[in-house]
Amino acid sequence: MNTTPITYPAHVDSSHRDCWFCNDEERIDPPPGGWLLDDGIWRAGAAPVGMAKAGTLILEARRHVLDQAGFDTRESITFIPAIGSVVAAMRTALGCERVYQWSTMAAYPHFHVWLIPWWPTSPHEGPAHLVDTVESPATEEDVLTAAARVAAALRGD
């Protein structure tokens, strides 16, 4: 039996070591295309392959926090600029008209927002579009292509 104590990255409070969002050891795989944004407070990456349409991103808090009510000062000050830059990059890179924002913290009680592109040619709006997004997920190639385009837009390429 291995008795070496487990050490976690500095941003992971040991009481949250089982949180998929907090612990890169638990998460195993980075998002497809890597992290598109990581400023130490927020990070964003493509939704896992098989879970959503191409271009869907997840913005997550680096610190374990349930929702906006628990944001510290830095999170409060930087949330709007972080989500705004990602949404603007998605519109530029994907040509979408809107970006739906959906957040439940159901599987893991950790603040994260699904950012889902919507086009006027999408078959549905509102909640039906959210259902469409998960019922017809994209291929890995399409997810990686969309992630690369959003990353380029975030860099200003």
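**Aromatic pairs and a helix contact**

The structure, a predicted model, holds seven aromatic pairs.

Q: Take F79 and F111. How are their rings arranged?
A: The ring centres of F79 and F111 are 5.6 Å apart and the planes stand at 75°, so this pair is edge-to-face. The cut-off for that label is over 60 degrees.

Q: Where do F79 and F111 lie?
A: F79 is in helix α2, while F111 is in the loop between β4 (98-102) and β5 (112-118). The pair therefore ties together parts that are 32 residues apart in sequence.

Q: Is F79 buried or exposed?
A: F79 is buried, at a relative accessible area of 11%.

Q: And F111, buried or exposed?
A: F111 is buried too, with a relative accessible area of 1%.

Q: Switching to helices. What is the angle between α2 and α4?
A: About 120°, for α2 (residues 73-94) packing with α4 (residues 140-155). Their axes are 8 Å apart.

Q: Left-handed or right-handed crossing?
A: The crossing of α2 and α4 is right-handed.

Q: Which residues in α2 and α4 meet?
A: On the α2 side they are S85, V86, A89, M90, T92, A93 and L94. On the α4 side they are A146, R149, V150, A153 and L154.

Q: How many of the residues in that contact are nonpolar?
A: Nine are nonpolar, with two polar and one charged besides.

Notes
Residues numbered from 1 in each chain as written. Predicted model: local features only at pLDDT ≥ 70, side-chain atom pairs only at ≥ 80, totals over all residues. Heavy atoms only, no water. Axes fitted to C-alpha atoms, helices over the stretch in contact; angles between N-to-C directions. Helix = DSSP H or I, 4+ residues; strand = E, 2+ residues; numbered from the N terminus. Left-handed = near helix turned anticlockwise from the far one by under 90°. Contact = heavy atoms within 4.5 Å. Nonpolar A, V, L, I, M, F, W, Y, C, P; charged D, E, K, R; others polar. Phe/Tyr/Trp six-rings, centres within 6.5 Å; stacked < 30°, edge-to-face > 60°. Buried < 20%, exposed > 50% of the residue type's maximum accessible area, 1.4 Å probe, protein only.
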